[in-house]
Structure formats: C-alpha cells, structure tokens
Amino acid sequence: MDTLPEAAACRAVHPPSLEGSEQKLFDYLTGWLGGPPVYVQKHGHPMLRRRHLHAPIAGAEIEGWLLCFRQAWAETVTDAALTAAVMPQVEHLARHMRNREDAAWTPPD
C-alpha cells in the first residue's frame with residue numbers, strides 16, 4: 001500500500017503506521033479462513049462496514065485495497081484452487097465495504 005501509486009486513495013484512509021491494520025487483517029483472516037476466531041476474541045464481532053464508516057470508501061479505495069490484497073495473496077498462496085475459492089469472496093467483501101459513491105457517479109433515473 002505504501003509503494004503502489006494505484007493504492008494511494010486506500011493508503012490515505014489508513015493510519016500513518018500500518019502495523020495495527022496488518023495485525024487486525026491477519027486476525028480477521030485467521031478466523032475467516034477457518035482458523036481460531038482471533039479477531040472476535042480480541043475485538044468482538046467484526047461488523048466490518050460499521051468499523052470502517054469513519055473512512056470514505058469508494059471505487060479508488062476498494063480497487064487499491066484489492067490490488068494490494070491480490071498482490072500479497074499471489075506472493076503467499078500458490079494453490080490455484082484455493083485462490084479460485086477465496087478471491088471472489090474477498091472481492092465481494094471489499095465491494096461491500098463501499099460507504100460512498102464516486103464523484104463522477106450519477107444515480108440511475
């Protein structure tokens with residue numbers, strides 16, 4: 001997130017240090033992927049949209065986060081079947097986090 005220009009909007013809504021965000025993501029994914037519910041034990045129910053309402057999340061933030069996640073996933077996970085099973089769910093979740101529309105977006109009539 002710190003090095004990809006395409007992730008600048010996503011990076012801007014995070015604190016200066018990503019250490020806490022990285023740990024929370026690790027804790028969340030541990031439980032989400034079938035391991036112990038570390039995030040819930042530490043922080044309670046995830047309520048992801050609610051926990052992110054303070055941050056404006058639209059297309060640029062979502063796509064920047066997904067770019068970073070996809071890159072990290074590709075560097076870590078080599079199992080194509082696992083990637084095929086997990087990535088659509090991650091993409092759906094990322095898009096679910098939207099809490100504002102893009103400036104150029106016009107609602108349909």
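This dialogue explains how to read several features of a predicted model.

Colleague: How many helices and strands does the protein have?

Modeller: Helices (H or I, at least four residues) and strands (E, at least two) are DSSP runs, numbered from the N terminus. Here there are 6 helices and 0 strands, and the pattern along the sequence is α-α-α-α-α-α. The C-alpha trace spans about 45 × 30 × 30 Å along its principal axes.

Colleague: What share of the 109 residues is buried?

Modeller: Buried means under 20% relative accessible area, exposed over 50%, and partly exposed in between, with a 1.4 Å probe and protein chains only. Buried residues make up 26% of the 109 residues in this protein.

Colleague: Which residues touch the most other members of the largest nonpolar core?

Modeller: A nonpolar core is a set of buried Ala, Val, Leu, Ile, Met, Phe, Trp, Tyr and Cys residues joined through side-chain atoms within 4.5 Å. The largest one has 16 residues, of which Phe69, Trp73 and Val90 touch the most other members. Helices α2, α5 and α6 each supply at least two residues of this core. Contact means heavy atoms within 4.5 Å; leaving aside residues up to four places away in sequence, Trp73 touches Leu82, Thr83, Val86 and Met87.

Colleague: How many aromatic pairs are there in the whole structure?

Modeller: Rings of Phe, Tyr and Trp (its six-membered ring) pair if their centres lie within 6.5 Å; planes under 30 degrees apart count as stacked, over 60 as edge-to-face and the rest as tilted. The whole structure contains 4 aromatic pairs. One of them is the edge-to-face pair of Tyr28 and Tyr39, with 6.2 Å centre to centre and 85 degrees between the planes. Tyr28 lies in helix α2 (residues 19-32) and Tyr39 in helix α3 (residues 38-43), so the pair ties together parts that are 11 residues apart in sequence. Tyr28 is buried at a relative accessible area of 16%, and Tyr39 is buried at 7%. Together with Trp32, these two tyrosines form one aromatic cluster.

Colleague: Which residues lie nearest the centre of the largest pocket?

Modeller: Rolling a probe the size of a water molecule over the atoms shows where empty space is left. On a 1 Å grid over the protein atoms alone, a pocket is an open set of points where a 1.4 Å probe fits, with protein on both sides within 12 Å along at least five of seven lines; lining residues have an atom within 4 Å of a point. The largest pocket is lined by 42 residues, and Met1, His14, Ser21, Leu25 and Trp65 lie nearest its centre. Two or more lining residues come from each of α2, α4 (48-51), α5 (59-76) and α6 (80-96). Helix α5 gives the largest share of the lining, 10 residues.

Colleague: Is Arg50 buried or exposed?

Modeller: Arg50, in helix α4, is exposed, with a relative accessible area of 61%. Arg49 also lies in helix α4 and is partly exposed, with a relative accessible area of 33%. Not counting residues up to four places away in sequence, Arg49 touches His96, Met97, Arg98 and Asn99.

Methods: Residues numbered from 1 in each chain as written. Predicted model: local features only at pLDDT ≥ 70, side-chain atom pairs only at ≥ 80, totals over all residues. Heavy atoms only, no water.
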